[in-house]
Amino acid sequence: MRRIASLVMLIIGLTILAVFAVFPIYWAIVCSLRPRAEIVGEAPLYPTSFRIENYYHVFVRWKYYEYVLNSFIVATGNSLLVLAITIPAAYALTRFRLRSSRHLLFWILTNRMAPPAAFLLPLYVLTSFLKLAGTYLGLILAYCVFNIPLSIWLLVAAIESIPKEVEEASMLDGLSPLGVLFRIVLPLARPGIVTAGLLTWLFAWNHYIFGMILAGPGTKLMTVALGDFALTTVGIEWEYVATMTVGTIIPVLIILLIVRRALVAGFAFGKI
Amino acid sequence: MNQKYPLFFLLPTIIVLLLVGIIPLFPVLWNSFHFYIVAARPSPIFKGLDNYRNIVSNPEIGYYFGVTLLLTAVCLLIQIPLGLAIALMLVRRFKGRDFFQVLFALPLGVAPIAVGTIWTLILRPEIGPIPKILSLFGINFNYMSSFWSAFTAIVLMNTWRWTPFIALALLPALVSIPPDILDACKVDGATYRQVFRHVVLPLIKTPLLTVIFIRFMDTFSIFDEIWILTGGGPGWSTRTVSIDIVRRVIFETDYGMGSALSLIMLYITITICWLMIAILKRGNLVGEL
């Protein structure tokens, strides 16, 4: 009897906390589907309208889809670049005991912990010097500061879980280290690689601060467009603020459900 | 084993990290020794350590560091116990535990910039449900009316976004505690508090310390959400160090001071990481680093 009572208490407690966790997202969705008069007026907490035109207005008529596309290009480019260079690096760090790997891991850790704002000016100096300011490539490079540490962290864990014997056997069969990497490690570590790819994509997609200065008029990112809009139209077009917000978080929530198990490790070693 | 291969595998990563993470710090270091406001005077003037002296002696900048540290302390004091409590609630196996985990994971996916817009939608007096509900009780709540109300709003927003992370990060360690140990304690007549204090806490020390360090650094560098929700206001009362850097670099084009502040932030980061490794190592808690 006491067991059941405590379980009921537990579920009630968790439900209250879960409502607190979900309500803000729910509220953004509700607002994004309301006409303006209703948002400013005495609208109730439950959904009342279903104005899908809000989305049409923002994404098509205001061409918000262009910013979404820019964010997509940058996030995908960054994710692919990071994977291409960190898969061999993570393999080397796990399988070859290097004296310098300790320093490299510490360096990677400090990059993870560093405030993005502190890298704003250095990266601006770099991209202007390389004539990459305002280009996709400049942004793709900039996000490496945080996504390389994240990817290495996740991939080292994934590669460590592969039994070493498989690799040793194939090396005896005459495969070169490069062959082992491509034929053995890559297929076996695939779930880990997919997770690393999706999470690096997610962090690049969500990132704001670098886009403020590194993106040009033609490469303006979705987060920057959302920030500019929310800051400049305060008190006017709330339904469109909500619509853009929901447009920003939907792809992320989908990825989140796919990589849920690795998510926490990602947030521990990825940059918000 | 051929020693050339590891280097060959590591080289691309090292080159890119050097390019984006180390090389640009040298011109920034050079900038930090100069008076360099592009909008005022396009060519820098050498001023030695003036920028650093200014940072140490300027009470405004001291205030930004103070607000940032206060925010970090308050957020950690609320979020770590709350996150731990949620994790403890999720340890027990019951139907629907997975479902709750999914719900708690949702805030983690929201972009920090969207966290700011969402909480603006919730807290703005003319549209938000929280001020409307409070007004039913006769309370007039406008989060931009004073420092403390803005500060409370920021803490609330940050707690929403990050407490689930703490809970989900501590959960695996709690789940992996063998039930026999806890049963043995119960047989010996230990109270719940004693078990927690002397058995559970020591067993989750490593993940707990790691999470505290991560949350410390992330709150210390907070920017996006506050930028949208309060913009550093009312006045400049909720301006964090990161907001100050961005404001200087982007809106005042003050590259001299911006550089000096950026380098100080990076220096603090390295010190804290070093401290973290030292603490975890002293307790023999990590072997890797």
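**Helix packing, chain contact and selected residues**

The structure is a predicted model, in which local features need pLDDT of at least 70 and side-chain atom pairs count only at pLDDT 80 or more, while totals for chains, interfaces and linings use all residues. Residues are numbered from 1 along each chain as its sequence is written, and chains are lettered from A and ligands numbered from 1 in the order in which they are written.

The axes of H1(A) and H14(A), the latter comprising residues 238-258, cross at roughly 125 degrees and come within 8 Å. Axes are lines fitted to C-alpha atoms, for helices over the stretch in contact, with angles from 0 to 180 degrees between N-to-C directions; helices (H or I, at least four residues) and strands (E, at least two) are DSSP runs numbered from the N terminus. The crossing of H1(A) with H14(A) is left-handed (near helix turned anticlockwise from the far one by less than a right angle; clockwise is right-handed). On H1(A) the contact involves Ala28(A), Ile29(A), Cys31(A) and Ser32(A), and on H14(A) Trp238(A), Glu239(A), Ala242(A), Thr243(A), Thr245(A) and Val246(A), contact being defined by C-beta atoms, placed from the backbone, within 7 Å. These residues comprise six nonpolar, three polar and one charged (Ala, Val, Leu, Ile, Met, Phe, Trp, Tyr, Cys and Pro nonpolar; Asp, Glu, Lys and Arg charged; the others, Gly among them, polar).

H1(A), residues 2-32, also packs on H5(B), residues 97-109, at an angle of about 40 degrees and with the axes 8 Å apart. This pair is therefore oblique as well, and H1(A) passes H5(B) in a left-handed crossing. Leu14(A), Ala18(A), Ala21(A), Val22(A) and Ile25(A) of H1(A) meet Phe100(B), Leu103(B), Phe104(B), Leu106(B) and Pro107(B) of H5(B). The contact of H1(A) with H5(B) has 10 nonpolar residues, no polar and no charged.

The contact between the two chains takes 74 residues from chain A and 74 residues from chain B. On the side of chain B, H14(B) (residues 255-282) gives the most, with 11 residues. That side divides into 57 nonpolar, 12 polar and five charged residues.

Tyr208(A) is located in the loop between H11(A) (190-206) and H12(A) (209-214). Tyr208(A) is buried, with 24 other C-beta atoms within 10 Å; 20 or more count as buried, 12 or fewer as exposed, and values in between as partly exposed, with C-beta atoms placed from the backbone. Beyond neighbours within four places in sequence, Tyr208(A) contacts Thr223(A), Val224(A) and Gly227(A), together with Pro112(B), Ile113(B) and Asp224(B). The C-alpha atoms of Tyr208(A) and Leu226(A), 18 residues apart in sequence, are 9.6 Å apart.

Buried residues of H11(B) include Val211(B), Phe213(B), Ile214(B) and Arg215(B).

Most residues other than glycine have a negative phi. Lys63(A), in the loop between H3(A) (53-61) and H4(A) (64-95), has a positive phi near 55 degrees and is exposed, with 12 other C-beta atoms within 10 Å. Lys131(A) has a positive phi of about 60 degrees; Lys131(A) lies between H6(A) (116-129) and H7(A) (136-142) and is exposed, with 9 other C-beta atoms within 10 Å.

How values were computed. Angles under 35 degrees count as roughly parallel, over 145 as roughly antiparallel, 65 to 115 as roughly perpendicular and the rest as oblique.
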